[in-house]
Structures are given as C-alpha cells and as structure tokens.
Amino acid sequence: MGVVTYDYESTSPVAPSRLFKAYTVEAPKVWPTAAPNAVKSIEVEANPSSGSIVKINFVEGLPFQYMKHQIGGHDENNFSYSYDLIEGGPLGDKLEKISYENKFEAAAGGGSICKSSMKFYTVGDNVITEDEIKALIKGSEGVYKPVEAYLLANPESCN
C-alpha cells in the first residue's frame, strides 16, 4: 500500500461558519436541496460525530451510486473537520480509502479560503496520479459549487 498526499486550496464568497455547517452538521438537509442533480439523500448513523458513518446517495446516471464517509472529527470553533472515504465513490479496486482534513478560514476581502489535505491510500502497487486527483476534485465540484450557490441565494441557511 502506498500513500499519496495532496494539498488543495479554494476560495468562496461564503463565510467560513456557514460553509462549515453546510458541509458537516447540516449536510443531510442542504446537499440534496442545493444539488438535486447530484445528491439524492444523505443518511447519518446517529449524530454526525467522530466515528459515525455517513452514506451519500447519488442520483441515477452519475458514475457512482453512493459513498460512505467515516467522520474523524469536527471543530466548530476552528471551522475544521476530517473524514475518511471508506466505501463506494471513486475508490474502486485501486484505492483503499481517502482521508480528508478540511479547514475554512476567513479571507482578507470577505468570504472563505478552504484548505484541504487529502491522503490517498492505494491498494497493493497501484498508483494514483496528480491528473487523477485533479479529476476527482473537479468531479466533487458538482456538489460543492451548487451548495455555495444555494448558500448565497439563501442567506438565512446555515447561520
């Protein structure tokens, strides 16, 4: 098994506290509403807390039917969270899991900077390339960009 680490940064006009809530505790409500062309539903085992399993079900026609995340932790004071993608989605037979650590920080001119660190754990001698990682990030924008647009259009959401 090999491990490839990839760091990624993006910006958003939405405040860090609202993005944090939209991607963690309010995701089961926000994602299917904001991205109905991608997310069918989100099922959470108990409360979304450390160790809980979250299953994201996608609409028909997408490359993946579902993904399961295991929550690592949430820090509401620092707008950071971590989780492992442990089943479904892009894992296939090449990846054992993908670990994510995300943090939303206030941007100087308003909005947020999202800092993500991803670790790709490969199966056996498999290799994941930077181009494959970039394609996975681009694919995830099918959910993230609609969530951002939803928050901009609904300023009362995730406050």
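Apart from neighbours within four places in sequence, Asn-102 contacts Phe-79, Ser-80, Tyr-81, Tyr-83, Lys-115 and Ser-116. The model examined here is predicted. Asn-102 lies in strand β6. Its relative accessibility is 6%, so Asn-102 counts as buried, the limit being under 20%. One of its contacts, that with Ser-116, includes a polar contact of 2.6 Å between the two side chains. Lys-134 is 32 residues from Asn-102 along the chain, and the C-alpha atoms of Asn-102 and Lys-134 are separated by 17 Å.

A hairpin is formed by β5 and β6, with 6 residues between them, and Gly-89 in the turn has a positive phi of about 55 degrees. On the β7 side, 11 bridges join β6 to β7, again in the antiparallel sense. Ser-99 stands opposite Lys-119 in β7. The hairpin of β6 and β7 has 5 residues between the strands, and Gly-110 there adopts a positive phi near 100 degrees. In a regular strand, side chains alternate between the two faces of the sheet.

Antiparallel pairing is also found for β2, β3 and β4. Strand β2 (residues 39–44) is joined to strand β3 (residues 53–58) by 5 bridges, and the two run antiparallel. The bridge partner of Val-39 in β3 is Phe-58. Strand β3 also pairs with β4, over 5 bridges in the antiparallel sense, and here Ile-53 is opposite Gln-70 in β4.

Empty space within the model was examined next. Rolling a probe the size of a water molecule over the atoms shows where such space is left. The largest pocket holds about 900 Å³ of space. It is lined by 38 residues, of which Leu-136, Ile-137, Ser-140, Glu-141 and Tyr-144 are the closest to its centre. Two or more lining residues come from each of β1 (3–12), α1 (16–23), β4 (66–75), β5 (80–88), β6 (95–106), β7 (112–122) and α3 (130–153). Helix α3 gives the largest share of the pocket lining, 11 residues. By residue class, the lining of the largest pocket consists of 25 nonpolar, 10 polar and 3 charged residues.

The model also contains 1 cavity of 30 Å³ or more. The space in this largest cavity is about 220 Å³. Its lining comprises 17 residues, and those closest to the centre are Tyr-23, Thr-24, Ala-27, Val-54 and His-69. At least two residues of the cavity lining are supplied by each of α2 (27–34), β2, β3, β4 and β5. The lining of the largest cavity divides into 13 nonpolar and 4 polar residues, with no charged residue.

Helix α2, one of the elements that line the cavity, has buried residues at Ala-27, Val-30, Trp-31, Pro-32 and Ala-34. These buried residues are covered by elements that include α1, β2, β3 and α3. An α-helix has 3.6 residues a turn, so residues three or four places apart point the same way. Ala-27, buried in α2, is also among the residues closest to the centre of the largest cavity.

Notes. Residues are numbered from 1 along each chain as its sequence is written. This is a predicted model: local features need pLDDT of at least 70, side-chain atom pairs count only at pLDDT 80 or more; totals for chains, interfaces and linings use all residues. Side-chain values use heavy atoms; hydrogens and water are left out. On a 1 Å grid over the protein atoms alone, a cavity is a set of points where a 1.4 Å probe fits but cannot get out, and a pocket is an open set with protein on both sides within 12 Å along at least five of seven lines; lining residues have an atom within 4 Å of a point. Grid points are joined across faces, edges and corners, and a volume is the space filled by probe spheres set on the points. Helices (H or I, at least four residues) and strands (E, at least two) are DSSP runs, numbered from the N terminus. Ala, Val, Leu, Ile, Met, Phe, Trp, Tyr, Cys and Pro count as nonpolar, Asp, Glu, Lys and Arg as charged, and the others, Gly among them, as polar. Buried means under 20% relative accessible area, exposed over 50%, partly exposed in between (1.4 Å probe, protein chains only). Contact means heavy atoms within 4.5 Å. A polar contact is a pair of N or O atoms within 3.5 Å; within protein, one must be able to donate a hydrogen and the other to accept it, and residues adjacent in sequence count only if both atoms are side-chain atoms. Two strands pair if DSSP finds at least two bridges between them.
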